[in-house]
Amino acid sequence: MSAPSAPPRTVICVGDVHGHITKLESLWSNLQSALPAGAFATALVIFLGDYNDRGPHTRGVLDFLLALPRRHPAQRLVFLCGNHDLAFAAFVGALPPPPDGSPFSATWEEYLHNEEHEGWFRGPGYEDMHVQGRRWGGVIKERWNPKKGLPYRGSIYDAQPTFESYGVAHGSPDLAMAMPEEHKRFLRDLVWIHEEENVPIDTDEGQIICNLIAVHAGLEKSIDLNEQLRVLRTRDTRVPKVPMLSGRQDVWNTPKDLTGKRTIVVSGHHGQLHIDGLRFIIDEGGGYEDKPIAAIVFPSKTLIRSTEGTTSQD
């Protein structure tokens, strides 16, 4: 008699956190309660990015995430970079340098027409700051965000709560000095893509084995797939705005190059839950006070949500 094969490793993908530490703690507790102890203890856990902005406790969120390897040493933990994280890193000098040695100021030109309207940061150090860092630390002229039906909080990224979580005013160049070095290292080490082989997923036809690609927003339908993968794998910070981290409709679906290839594509970013075949968008919270943070568990495709920390916006 041959020994029974080990069950497949559980894969957990966690949606956008956006500074909501109470929701994150609640979600983590609910995941731990919902899964068998062994499956949780050895899971591959992929955080889909956007740890900061909007919610009040970015500093606490990063402390929580940094403690996870010590609390759960048998887990594999992956921290993806979201568009908010890239901008945060750019502002505090924690963004990987462009691979060709070009200055970050070379990223400004394409979007200079937005500088005045978006109130880009012009304080100390702006001269060699990636465009997204300048947008993140700036002060937008409009006070109301019509897309969200809420006021902007400091900048177009709603970065004010992140500054305040470190005890400094929005737009303060002192933010980098106020941050623990391990927080800057966390931002510097974020990956732009995670690729995993042999991930099982339950379907109506039974369990199948897939490749998995996790990327914050998705893969662009009109850009060569190999070029997208190059940008993501190398974290090419020459790109002023990375569509795979910040796009919307153009990254919603799975690219044609991957259709029929048993590849799961999982993202956060979009402020909603969407499941269509092997395309998963897991961002129920979107940074809103009154919505939970969600996670999806493979192979079962079980959705787990935070049950604490949501507040009414009435």
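This is a predicted model: local features need pLDDT of at least 70, side-chain atom pairs count only at pLDDT 80 or more; totals for chains, interfaces and linings use all residues.
Residues are numbered from 1 along each chain as its sequence is written, and side-chain values use heavy atoms, with hydrogens and water left out.

**Aromatic rings**

- A search of the whole structure turns up 14 aromatic pairs. Rings of Phe, Tyr and Trp (its six-membered ring) pair if their centres lie within 6.5 Å; planes under 30 degrees apart count as stacked, over 60 as edge-to-face and the rest as tilted.
- Phe91 and Trp136 make a tilted pair, at 5.5 Å centre to centre with 55 degrees between the planes. Phe91 sits in helix α4 (residues 83-91) and Trp136 in helix α6 (residues 131-137), 45 residues apart, so this pair links distant parts of the chain; helices (H or I, at least four residues) and strands (E, at least two) are DSSP runs, numbered from the N terminus.
- Both Phe91 and Trp136 are buried, where buried means under 20% relative accessible area, exposed over 50% and partly exposed in between (1.4 Å probe, protein chains only).
- Trp136 also pairs with Phe163: the ring centres are 4.9 Å apart and the planes at 25 degrees, so this pair is stacked. With Trp136 in α6 and Phe163 in helix α7 (residues 160-165), the pair ties together parts 27 residues apart in sequence.
- Phe163 is buried too, with a relative accessible area of 0%.
- Elsewhere, Trp28, Phe40, Phe47, Tyr51, Phe64, Phe79 and Phe186 form one aromatic cluster.

**Charges over rings**

- Arg134 lies over the face of Trp108, 4.4 Å from the ring centre. For this to count, NZ of Lys or CZ of Arg must be within 6 Å of the ring centre and within 35 degrees of the ring normal.
- Lys291 has its charged end over the ring of Tyr288, 4.8 Å from the centre.

**Helix α4**

- What makes α4 largely enclosed by the rest of the structure? 9 of the 9 residues of α4 are buried.
- Those buried residues pack against α3 (58-71), α6, α7, α8 (175-178), α9 (181-189) and α11.
- Just after α4, Gly93 takes a positive phi of about 75 degrees.

**Buried loop residues**

- Glu220, in the loop between β7 (206-214) and α10 (225-234), is buried yet has no salt bridge (a side-chain nitrogen of Lys or Arg within 4 Å of a carboxyl oxygen of Asp or Glu). The nearest side chain of opposite charge is Lys221, 7.4 Å away; Lys and Arg count as positive, Asp and Glu as negative, and His and the chain ends are not counted.
- Glu220 does have a 2.7 Å polar contact with Ser222, side chain to side chain. That term covers N or O atoms within 3.5 Å; within protein, one must be able to donate a hydrogen and the other to accept it, and residues adjacent in sequence count only if both atoms are side-chain atoms.
- Thr107 is in the loop between α4 and α5 (115-118) and counts as buried at 2% relative accessibility. A polar atom of the Thr107 side chain lies 2.9 Å from the backbone nitrogen of Val131.
- Val242, in the loop between α10 and α11 (243-246), is buried at 6% relative accessibility. Beyond neighbours within four places in sequence, Val242 is in contact (heavy atoms within 4.5 Å) with Leu86, Trp192, Val231 and Gly247.
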